[in-house]
Amino acid sequence: MQTFLGFDFGVKRIGIAVGQRVTGTANALCTVQARDNAPDWEQISALIKEWRPHALVVGLPMHADGTDSAVTRAARRFAQQLEGRYRLPVHMIDERHSSQAAAELLAEEQDSKTGLDAMAARIILQDWLDTETT
């Protein structure tokens, strides 16, 4: 069974989701707070060790017109760091509108336990799983 972790990168918080290819579904997992303007690598390492993912998926935040922003460059750097640290394949997927979709989904589900960032990571990973399995 192939497991994947999805990341909604932000400079203050990183939402994380987990998904499996066999079910084709993703679930919100948690939100990791940045430490001193850097990802909390200790917490991310613990999640990598616990879930033993086959690959990682990082959302690529872009402007509505498809151009890069400062966060786009930071997300790409984060993806490169993930690949270098964990020696796992890292896939990137356009995540425009994932935060808006996550807010709408949270409102519909009235799920106060799942944070916006983790829900956005779920949407990112689900989108990737949907495109990879078709």
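The following dialogue concerns a predicted model and the terms applied to its residues.

Guide: Local features in this predicted model need pLDDT of at least 70, side-chain atom pairs count only at pLDDT 80 or more, and totals for chains, interfaces and linings use all residues. Residues are numbered from 1 along each chain as its sequence is written, and side-chain values use heavy atoms, with hydrogens and water left out.

Visitor: Why is the pair of F7 and F78 called edge-to-face?

Guide: Rings of Phe, Tyr and Trp (its six-membered ring) pair if their centres lie within 6.5 Å; planes under 30 degrees apart count as stacked, over 60 as edge-to-face and the rest as tilted. The structure holds five aromatic pairs. In the pair of F7 and F78, the ring centres are 5.6 Å apart and the planes stand at 70 degrees, so the pair is edge-to-face.

Visitor: What makes F7 count as buried?

Guide: Buried means under 20% relative accessible area, exposed over 50%, and partly exposed in between (1.4 Å probe, protein chains only). F7 has a relative accessible area of 1%, and is therefore buried.

Visitor: Why is D36 called exposed?

Guide: The relative accessible area of D36 is 79%, so D36 is exposed. Phi of D36 is near 55 degrees, a positive value in a residue other than glycine.

Visitor: What makes E132 partly exposed?

Guide: E132 has a relative accessible area of 41%, and is therefore partly exposed. The C-alpha atoms of E132 and G24, 108 residues apart along the chain, are separated by 9.4 Å.
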